[in-house]
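Here is a short report on one protein chain. Keep the sequence and the 3D view open while you read.

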Amino acid sequence: MIPANASISDMANAIRVLSIDAVEAANSGHPGMPMGMADAAAVLFARHLKFDASDPAWPDRDRFVLSNGHGSMLLYSALYLSGVQDVSIEEIRNFRQWGSKTPGHPEYGHTAGVEITTGPLGQGIAGAVGMAIAERRLSDEFGRELVDHYTYVFCGDGCLMEGVGQEAASLAGHLKLGKLVVLYDDNQITIDGSTAVSFTEDVPARFIAYGWHVESIDGHDPAAIDAAITRAKAETGRPSLIAMKTVIGYGSPNKAGKSSAHGAPLGAVEAAAAKAAYGWPLAPFEVSSAILESWHAIGTRGAGARADWRARLDAVDAGRKDEFLRRVAGTMPDNYGAVVEAAKGKLLDHPQAVATRKASQIALESLAAALPEMIGGSADLTHSNLTRVAAVDSDFTPTGSGRYVSYGVREFAMAAAMNGIAVHGGLIPYGGTFLVFSDYCRNAIRLSALMGVRSIYVLTHDSIGLGEDGPTHQPVEHVASLRAIPNLHVFRPCDAVETLECWDIALRDQNTPSVLALSRQNVPQLRSERDGVNRAAKGAYVLKEAGPSRDLTILATGTEVALAVAAAAELSNRGIQAAVVSMPAWDLFEKQPKSYREAVLGRAPRIAVEASSKFGWTRYVDSEDDVIGMNGFGASAPAEVLYERFGITKHAIVTLALEKLGATR
């Protein structure tokens, strides 16, 4: 409970004034949302949120997601006031400054108490849907004594305008995620002015249609907020939306209720006037001891819940406890390496000439069985992506929390929910769609990379090899575009062995998301060595040596590696010794020592082949004239016809090699 000397209004005003002061000091930021949502934040933290400021990452805490992340000072203020050590008053003073723990938008992994990176509107609520999926799955697996918590979301009009917010809300309603509670900041203001110019639908009615429990309340009435949250928590069979009528910039005499309060400092005169309206006489960044004590009491209240949880964890059998802790830590089981080697051994014993999407499914049969934390899914393309295997052949439904989520045709929400699953902990999400639809997922993939989380994107039909569906579905620029994202593994494996190796890398790396770009068409198995080395882990390697001397190096990825090997054999018949380098992951290759990179690339002339945009290949070859690839969009025809028509053939490689050598000799 709250000590008698500090009211909810006092505690809310502390959030408001700290937000005003920080934005003024930075001369940058968004004061309006924290001023408008402070009452809801004070009620949530004081009376409902299960958390412990001394350990803000303990596994069974409630999750709080600030989907309208531009209002980050609301979160930073609450973390400071409740006593989270990572967010001191100096960090509040340094809002939006270099090296501070209080960046412009909340960043996962950068500031304790930030559950997920938000800012791109709609992705916070979509990530929260993933967290709620993870909570239900882990609760059913390990028991409510270890996993039993809520996910709370603050969101604004923008989050509900964005398509990803609508996709995620639809999915949550379908899955009946009853422990998801969204508090909607219905202030009817956007950057451009009133929502009357762009957003006039009946949001509560929309959510009722989605299957949510919905209430509409006064967002500045603490008792109404408290009662609505209490009722939402009792709605175990439906997610809840609490639509709160609020005033942006609440308390500002001249800017409250106006777009001018949204994304700029109030100004010294208006800031002083707002503080006077709150009855706040203190200097900037000062909070009375009574209010601080009340907030600190909230921050320490969860210590008891955490201690009780720890006692329950210690009371379960050792095997269950150890498995839970391993899952939360995100480490591999002791037998994982042996499972990978056994799977590779099967491929070597019985070579598979299959599409790499099929090779991915073959790999998953072993990996998903060994890793119960893997939770799969697809955006309505399961039978094309081949993402479903025996170990995950149980559906996540409104009544059961299986290991396979049918996300429907909601690529963006799928990717964002996967991020929520990943940051929740205890599970490794993977999800499939066509590579061409990575454009729908892209901003969520970017956030995966920014956060450094283990989301794995299975993106199939990776080139014109898709065939008859034509250029609308044939990716051309997508691989190059994804390679441009920092801290993202982009794998394009050449055969079944390399596909398994890429999966192994993706699963082992806790701090980097992965894209597996996989083919529709079959490829021969090119790898046969039995030395236990994961060659793909170095990003590129010499698949076929040239012999005693190297006249030429052919660089290739994916399905075109087999073409390069065939071309090298033809060149050898002509007395030209060509090495073939498979380059499944450029980012990993760039991390290798210079000596290794130079040895792989060699000093001989180089050409490259990839059934994709040529963009980026000049990092490794002299010019785009040395690349066999795509200069434009594809066409509708069988794959073999397309490869011939677009000149991605063994003959084309041989011809370019002869031209290159003729020009350099």
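## Salt bridges

R231 and E215 form a salt bridge, with their closest N and O atoms 2.6 Å apart. The term means a side-chain nitrogen of Lys or Arg within 4 Å of a carboxyl oxygen of Asp or Glu. R231 lies in helix 9 (residues 222–234) and E215 in strand 6 (residues 213–218), so this pair ties together parts that are 16 residues apart in sequence. Helices (H or I, at least four residues) and strands (E, at least two) are DSSP runs, numbered from the N terminus.

This is a predicted model: local features need pLDDT of at least 70, side-chain atom pairs count only at pLDDT 80 or more, and totals for chains, interfaces and linings use all residues. Residues are numbered from 1 along each chain as its sequence is written, and side-chain values use heavy atoms, with hydrogens and water left out.

How exposed are the two partners? R231 is partly exposed, at 41% relative accessible area. E215 is buried, at 12%. Buried means under 20% relative accessible area, exposed means over 50%, and partly exposed is in between (1.4 Å probe, protein chains only).

Now take E373 and R326. Their side chains meet in a salt bridge of 2.8 Å, N to O. E373 sits in the loop between helix 14 (356–370) and strand 9 (374–378), while R326 sits in helix 12 (residues 318–329), so the pair ties together parts that are 47 residues apart in sequence. E373 is buried, with 4% relative accessible area. R326 is buried too, at 12%. Both belong to a network of salt bridges that links R137, E141, E323, R326, R327 and E373.

E90 and R93 both lie in helix 4 (residues 89–93), three residues apart, about one turn of the helix.

| Pair | N to O distance |
|---|---|
| R231 and E215 | 2.6 Å |
| E373 and R326 | 2.8 Å |
| E90 and R93 | 3.6 Å |

E90 is partly exposed, at 44% relative accessibility. R93 is partly exposed as well, at 38%. By the salt-bridge rule, the count comes to 43.

## Nonpolar cores

In soluble globular proteins, nonpolar side chains tend to be buried together. A nonpolar core is a set of buried Ala, Val, Leu, Ile, Met, Phe, Trp, Tyr and Cys residues joined through side-chain atoms within 4.5 Å. Here the largest core has 74 residues. Those with the most contacts inside it are L177, L180, F207, W212 and L482. Another core lies apart from it, with 65 residues, among them M33, L44, L74 and F154.

What does L177 touch? Leaving aside neighbours within four places in sequence, L177 is in contact with V129, A132, I133, R136, A172, R238, P239 and F396. Contact means heavy atoms within 4.5 Å.

## Helices

Helix 3 (residues 72–82) has eleven of its eleven residues buried, so it is largely enclosed by the rest of the structure. Its buried residues pack against helix 1 (8–26), helix 2 (32–47), strand 1 (63–66), helix 4, strand 2 (151–156) and helix 11 (289–315). Just after helix 3, G83 takes a positive phi of about 100°.

Two packed helices are described by the angle between their axes and the distance between the axes. The axes of helix 16 (residues 411–424) and helix 17 (residues 438–451) come within 6 Å and cross at roughly 20°. That makes helix 16 roughly parallel to helix 17. Axes are lines fitted to C-alpha atoms, for helices over the stretch in contact, and angles run from 0 to 180 degrees between N-to-C directions. Angles under 35 degrees count as roughly parallel, over 145 as roughly antiparallel, 65 to 115 as roughly perpendicular and the rest as oblique. Among the residues that meet are E411 and F412 in helix 16, and Y440 and C441 in helix 17.

## Two buried residues

D186 is in strand 3 (residues 180–186). D186 is buried, at 11% relative accessibility. Beyond four places in sequence, D186 is in contact with D157, M244, K245 and T246.

M583 lies in the loop between strand 18 (578–582) and helix 21 (586–590). M583 is buried, at 0% relative accessibility. Not counting residues up to four places away in sequence, M583 touches G539, A540, L555, A556, T557, F589, W617 and Y620.
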